[in-house]
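Here's a quick briefing to read alongside the model. Have the sequence and the 3D view open as you go.

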Amino acid sequence: MTSATTLADPLALPCGQILANRLMKSALSEGLGNTANAPDQRLTRLYTRWGAGGYGLVVTGNVMVDRGHLGEPGNVVVDDERDLDALTAWAKATHDGGAPIWMQINHPGRQANPLVTRTRPVAPSAIAPKIPGMPTPRALTDAEIEDIIDRYATTARIAEIAGFDGVQIHGAHGYLVSQFLSPLANQRTDRWGGNPERRMRFAVEVVRRIRAAVAPGFAVGIKLNSADFQRGGFTEDESRGVIERLATEGLDLIEISGGSYESPAMMGRKDAPAASTLAREAYFLDYARTARAAAGPLPIAVTGGFRSRSAMADALASGGCDVIGIGRPTCVTPDAADAVLTGRDERLRTVGIAMGLRGPLSKVTSLRSLDGALDLQWHTDQLHRLGAGNDPDPARPWWKTTFSMLNRNGLDAFRHKRG
């Protein structure tokens with residue numbers, strides 16, 4: 001009889017890497033790339049804090065594989081070796097604190113931000129997302145799809161050269177990999193669409209090409225949706241099928257999240273997860289339990305909603321997952337893993353930012369969407385403070401964030417656009 005897994009237990013990954021504990025700093029889009037979309041001292045300062053925060057694994061915000069298609073202002077782009085020195089400094093800053101670092105790599109597809117993407121967005125099919133202000137994308141050709149897959153492999157190879165310990169493919173939240181998986185976004189009838197098996201071909205080929213481009217000891221993970229939470233979209237059954245298929249392709253960790261920026265379940269919107277799930281904290285833990293059979297021995301991470309040490313410990317002890325992902329709490333408590341592991345904090349601090357709408361105004365969809373954008377941008381403000389060498393400011397008022405988001409992104413800031 002074996003004892004239950006604890007938060008402090010190490011985890012051996014299939015590639016041979018060993019995570020020191022079960023707490024992962026999940027990806028948060030920092031928006032701290034410079035005007036040339038390169039990392040600079042702000043990211044180094046931020047990851048110095050996170051690297052020393054006690055995490056078993058640190059995952060970066062989404063790094064773009066094509067500088068012609070960006071998810072938001074301030075994205076870092078890695079599509080050649082021009083910024084190798086800066087990338088090396090970024091990885092080293094995290095290692096110096098004692099944590100391994102994986103680069104999350106991504107293509108926005110039809111969620112490309114029109115403020116910083118001057119060309120027409122591309123996608124599996126010419127279907128616009130249900131996000132205000134987003135244009136209809138152009139359907140990718142077969143040759144363009146192959147080129148993008150090669151770009152993922154190129155970015156992974158450069159990350160390895162720069163000293164990163166692995167990459168995480170962003171296959172969730174409505175970005176390009178997720179678009180190929182979803183029947184709402186992918187209505188192709190060629191080898192890239194038409195049924196679940198062909199819709200998953202893009203994800204499978206991305207994993208295969210990355211694994212072929214890097215050393216066996218370099219980690220390759222993927223972040224996947226449990227579901228899109230949209231009628232007619234990517235379902236939990238289909239997600240389990242993708243996990244079963246990808247588990248044979250040399251992956252090291254699958255992170256479970258859910259939703260897209262059309263239906264942002266990953267933000268804890270109460271019309272997506274059930275009330276009982278929200279009360280238990282972990283939005284996607286029930287699905288993760290069912291995904292374990294599909295994944296076999298491949299480790300599963302769950303991100304979304306974890307706040308208390310007891311809930312994290314229970315999720316591991318029950319076998320619901322192998323790794324706990326922590327996102328927004330790390331913006332105000334950069335050493336959240338240390339806080340949990342040492343017992344300093346039983347519950348991680350979170351701040352919900354809203355304008356305090358009441359009465360009829362609270363029912364206006366566009367205003368509720370603005371509240372969600374404010375909350376995300378408020379957490380971005382905290383990352384920018386850390387990048388500037390300052391401490392977080394949990395008391396920062398919502399109206400200051402309104403000005404900063406307009407300054408960074410213009411009116412486009414009032415859409416949900418985070419990685």
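This is a predicted model: local features need pLDDT of at least 70, side-chain atom pairs count only at pLDDT 80 or more; totals for chains, interfaces and linings use all residues.

**Around Ala86**

Ala86 is partly exposed, at 26% relative accessible area; buried would be under 20%, exposed over 50%, and partly exposed is in between (1.4 Å probe, protein chains only). Residues are numbered from 1 along each chain as its sequence is written, and side-chain values use heavy atoms, with hydrogens and water left out.

- You'll find Ala86 in helix H2 (residues 84–96); helices (H or I, at least four residues) and strands (E, at least two) are DSSP runs, numbered from the N terminus.
- Ala38 sits 48 residues away from Ala86 along the chain, yet their C-alpha atoms are separated by 7.4 Å.

- Strand S9 (residues 166–171) has six of its six residues buried, so the rest of the structure largely encloses it.
- Cover comes on both faces of S9: Gly166, Gln168 and His170 are buried on one side, and Val167, Ile169 and Gly171 on the other.
- Strand S6 (residues 101–106) runs parallel to S9, joined by four bridges; strands pair if DSSP finds at least two bridges between them.
- Trp102 has Gly166 of S9 as its bridge partner.
- S9 also runs parallel to strand S10 (residues 219–225), with six bridges joining the two.
- His170 stands opposite Lys223 in S10.

**Nonpolar cores**

- The largest nonpolar core has 87 residues, and Tyr152, Phe202 and Ile324 touch the most other members. A core here is a set of buried Ala, Val, Leu, Ile, Met, Phe, Trp, Tyr and Cys residues joined through side-chain atoms within 4.5 Å.
- Helix H3 (residues 142–162) gives this core its largest share, eight residues.
- A second, separate core has 13 residues, including Leu11, Leu13, Leu57 and Val59.
- Leaving out residues up to four places away in sequence, Tyr152 touches Val65, Ile105, Asn106, His107, Ile169, Val177, Phe202, Val206 and Ile210 (contact means heavy atoms within 4.5 Å).

**Around Trp399**

- Helix H14 (residues 398–409) holds Trp399.
- Trp399 is partly exposed, with 44% relative accessible area.
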